[in-house]
Amino acid sequence: QVHLVESGGGLVQAGGSLRLSCAASGSFFSINTMGWYRQAPGKQRELVAYITSGGSTGYADSVKGRFTISRDNGKNTVYLRMNSLEPEDTAVYYCNADARVNSRDTVNYWGQGTQVTVSS
């Protein structure tokens with residue numbers, strides 16, 4: 001079993017910044033791709049950014065140039081630095097990770113979510 005624990009959400013004014021963290025713990029061989037998703041009220045969950053174990057990254061068009069994803073493989077932790085926040089970024093942000101749980105199987109896990117609210 002793998003647990004993903006997020007932190008760093010909160011309330012911020014438009015134009016401000018926040019940094020989200022997500023630490024993976026439990027029993028696994030390795031953590032492969034990690035990512036952040038978000039879900040606003042009444043909307044579908046959407047990919048915000050991802051990062052592979054080798055450091056390759058990808059971003060949603062809506063956050064390119066404002067958000068930066070990074071990871072510390074030694075700590076099994078992924079970060080999301082969010083700058084120039086806009087009210088449209090308001091959502092619950094979820095951490096996601098692919099964990100190699102044994103020599104054969106990879107399982108996908110979700111965190112519990114952290115609320116980000118951007119006021120105008």
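This is a predicted model: local features need pLDDT of at least 70, side-chain atom pairs count only at pLDDT 80 or more; totals for chains, interfaces and linings use all residues.
**Entry 1: Arg71 and its surroundings**

Setting aside neighbours within four places in sequence, Arg71 is in contact with Ile31, Asn32, Thr33, Met34, Ile51, Thr52, Ser53, Thr77, Val78 and Tyr79. Contact means heavy atoms within 4.5 Å. Arg71 itself sits in strand β7, residues 67-72. Strands are DSSP runs (E, at least two residues), numbered from the N terminus.

I then checked the charge of Arg71. Lys and Arg count as positive, Asp and Glu as negative; His and the chain ends are not counted. Arg71 is buried yet has no salt bridge. The nearest side chain of opposite charge is Asp72, 8.1 Å away. Buried means under 20% relative accessible area, exposed over 50%, and partly exposed in between (1.4 Å probe, protein chains only). A salt bridge needs a side-chain nitrogen of Lys or Arg within 4 Å of a carboxyl oxygen of Asp or Glu.

What does the side chain of Arg71 make a polar contact with? I found the side chain of Asn73, at 2.6 Å. A polar contact is a pair of N or O atoms within 3.5 Å; within protein, one must be able to donate a hydrogen and the other to accept it, and residues adjacent in sequence count only if both atoms are side-chain atoms. The backbone oxygen of Thr52 also lies 3.2 Å from a polar atom of the Arg71 side chain.

**Entry 2: Salt bridges**

I searched the whole structure and got 6 salt bridges. One of them joins the side chains of Arg38 and Asp89 (2.9 Å, N to O). Arg38 lies in strand β4 and Asp89 in the loop between β8 and β9, so this pair ties together parts 51 residues apart in sequence. Both Arg38 and Asp89 are buried.

Glu86 and Arg66 meet in another, at 3.9 Å, N to O. Glu86 is partly exposed, at 32%, whereas Arg66 is buried, at 11%. I noted a network of salt bridges that links Arg38, Glu46, Arg66, Glu86 and Asp89.

**Entry 3: The disulfide**

How many disulfides does the structure hold? I counted 1. Cys22 and Cys95 form it, with sulfur atoms 2.1 Å apart; the cut-off is within 2.5 Å. Cys22 is in strand β3 and Cys95 in strand β9, so the pair ties together parts 73 residues apart in sequence. Cys22 is buried, at 0% relative accessibility, and Cys95 is buried at 0% too.

**Entry 4: Ground rules**

Residues are numbered from 1 along each chain as its sequence is written, and side-chain values use heavy atoms, without hydrogens or water. Local features need pLDDT of at least 70, side-chain atom pairs count only at pLDDT 80 or more, and totals for chains, interfaces and linings use all residues.

Terms used
Helices (H or I, at least four residues) and strands (E, at least two) are DSSP runs, numbered from the N terminus.
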